[in-house]
Amino acid sequence: MKHTLQHNQLVGLLDKDCHDRLLKHGEWVRLIPGQQLITPEESLDYAYFPVGGVVALIMQQANDKPIALALVGLEGMVGLVAALGVQLEPYAANVLSPGFALRVSAKHVYTLKAKHKHFCRALDTYIAGIHARFAQAAVCYGQHDLQQRLAWLLLTYSQRVSATEFVMTQALLANLLGVRRSGINKAASSLQDAQILHYSRGQMQLLNPVALLEKACQCYAMDTLQSGVVIAQHPHAEDAKPH
Ligand SMILES: [Zn+2]
């Protein structure tokens, strides 16, 4: 399979010279569910530009339950601190859905950002968007009920994989939302009774995404806005739209 770096929306905004240099210094790698791309507090060697698949940014400390701060797919980049010349991420990056990514050394990301204004602008805008999404995640975790948060997660994941039917276990949902499986079961059952989704043996089917959107907290709209902001705010946005 031939991968096209242009499929990563962040990279799709770059001029040809910067795009080619990124490709030259990068290596295509497979994203495998369960794989950990970034381990917290370990030296960050690489950044990843997905062209498919979904990666969850997970925060976990000591004996606390993990929570997903954000889901990253082909709209973004994993290993953001590489762009800042920082070597440690405080959170983990775990692959949820299979795909491919261009893996580029943290050193080259930092060097390219310093030399190419388009790359610098795109990354800075994306970092600002992720920052806003992290802040929203804190509000979501503390203020919004589990059914709202489950709806947010399912819609965000569905958007990233471009599908309304996918594999998603209750254990994984519990880990992403920082709750017990029994809570996921109760929230999912309620949505299933309303015929908004169908859930059986880890197979999730969104029967009525519009109704699910009405159940979600405003974090989904915020997430969608901030994920797309890098495209919308970039001076070459019109050129980057698919033809
Ligand atoms: Zn929320």
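Colleague: Which domains does the domain assignment give?

Modeller: Keep in mind that this is a predicted model. The assignment gives domain 1, residues 5-141, and domain 2, residues 145-216.

Colleague: How many Å separate the centres of domain 1 and domain 2?

Modeller: 25 Å, taken over C-alpha atoms.

Colleague: And how many residues are in contact between them?

Modeller: Eleven residues of domain 1 are in contact with eleven of domain 2. On the domain 1 side, β4, β5 and α3 each give two or more residues. β5 gives the most there, with three.

Colleague: What does UniProt list for residues 10-97?

Modeller: "Domain: Cyclic nucleotide-binding", from an unreviewed entry. That stretch is 11% helix and 36% strand in the model. Its end C-alpha atoms are 19 Å apart.

Colleague: Which annotation covers residues 144-210?

Modeller: UniProt has "domain: HTH crp-type" there, again in an unreviewed entry. Over residues 144-210 the chain is 58% helix and 16% strand. The end C-alpha atoms are 19 Å apart.

Colleague: Switching to the core. How many residues are in the largest nonpolar core?

Modeller: 75 residues. Val55 and Ala68 have the most contacts inside it. The largest share, eight residues, comes from helix α4, residues 146-161. The core draws at least three residues from each of domain 1 and domain 2.

Colleague: What is valine 55 in contact with, leaving aside neighbours within four places in sequence?

Modeller: Leu31, Leu37, Pro50 and Val72 are among its contacts.

Colleague: Now α6. How many residues does it have, and how far does it reach?

Modeller: Helix α6 runs over residues 181-193, 13 residues in total. It reaches 18 Å from first C-alpha to last, close to the 18 Å expected at 1.5 Å a residue.

Colleague: Which residues of α6 are buried?

Modeller: Ile184, Ala187, Ala188 and Leu191. They sit on the same side of α6, because they cover an arc of only 95 degrees around the axis.

Colleague: Remind me why spacing matters in an α-helix?

Modeller: There are 3.6 residues a turn, so residues three or four places apart point the same way.

Colleague: What is exposed on the other side of α6?

Modeller: Ser182, Ser189 and Asp193.

Colleague: And what do the buried residues of α6 pack against?

Modeller: α4, α5 (170-177), β9 (197-200) and α7 (209-215). After α6 comes glutamine 195, with a positive phi near 60 degrees.

Colleague: Which residues are buried in α5?

Modeller: Leu172, Leu173, Asn175, Leu176 and Leu177. The buried residues of α5 pack against β4 (54-59), β5 (67-72), α4 and α6.

Colleague: What follows α5?

Modeller: Glycine 178, whose phi is positive, near 70 degrees.

Colleague: Last one. Where does valine 139 lie?

Modeller: In helix α3, residues 117-143.

Colleague: Why does valine 139 count as partly exposed?

Modeller: Because it has 13 C-beta neighbours inside 10 Å.

Colleague: How many Å apart are valine 139 and threonine 169?

Modeller: 25 Å in space, C-alpha to C-alpha. In sequence, valine 139 and threonine 169 are 30 residues apart.

Technical notes. Residues are numbered from 1 along each chain as its sequence is written. This is a predicted model: local features need pLDDT of at least 70, side-chain atom pairs count only at pLDDT 80 or more; totals for chains, interfaces and linings use all residues. A nonpolar core is a set of buried Ala, Val, Leu, Ile, Met, Phe, Trp, Tyr and Cys residues joined through C-beta atoms within 7 Å. A residue is buried if 20 or more other C-beta atoms lie within 10 Å of its own, exposed if 12 or fewer, and partly exposed in between; C-beta atoms are placed from the backbone. Helices (H or I, at least four residues) and strands (E, at least two) are DSSP runs, numbered from the N terminus. Domain bounds come from an automatic or database domain assignment. Two residues are in contact if their C-beta atoms, placed from the backbone, lie within 7 Å. The expected span of a helix is 1.5 Å times one less than its number of residues. The arc is that of the directions from the helix axis to the C-beta atoms. UniProt positions are given in the numbering used here, feature names are shortened, and annotations may be inferred rather than shown by experiment.
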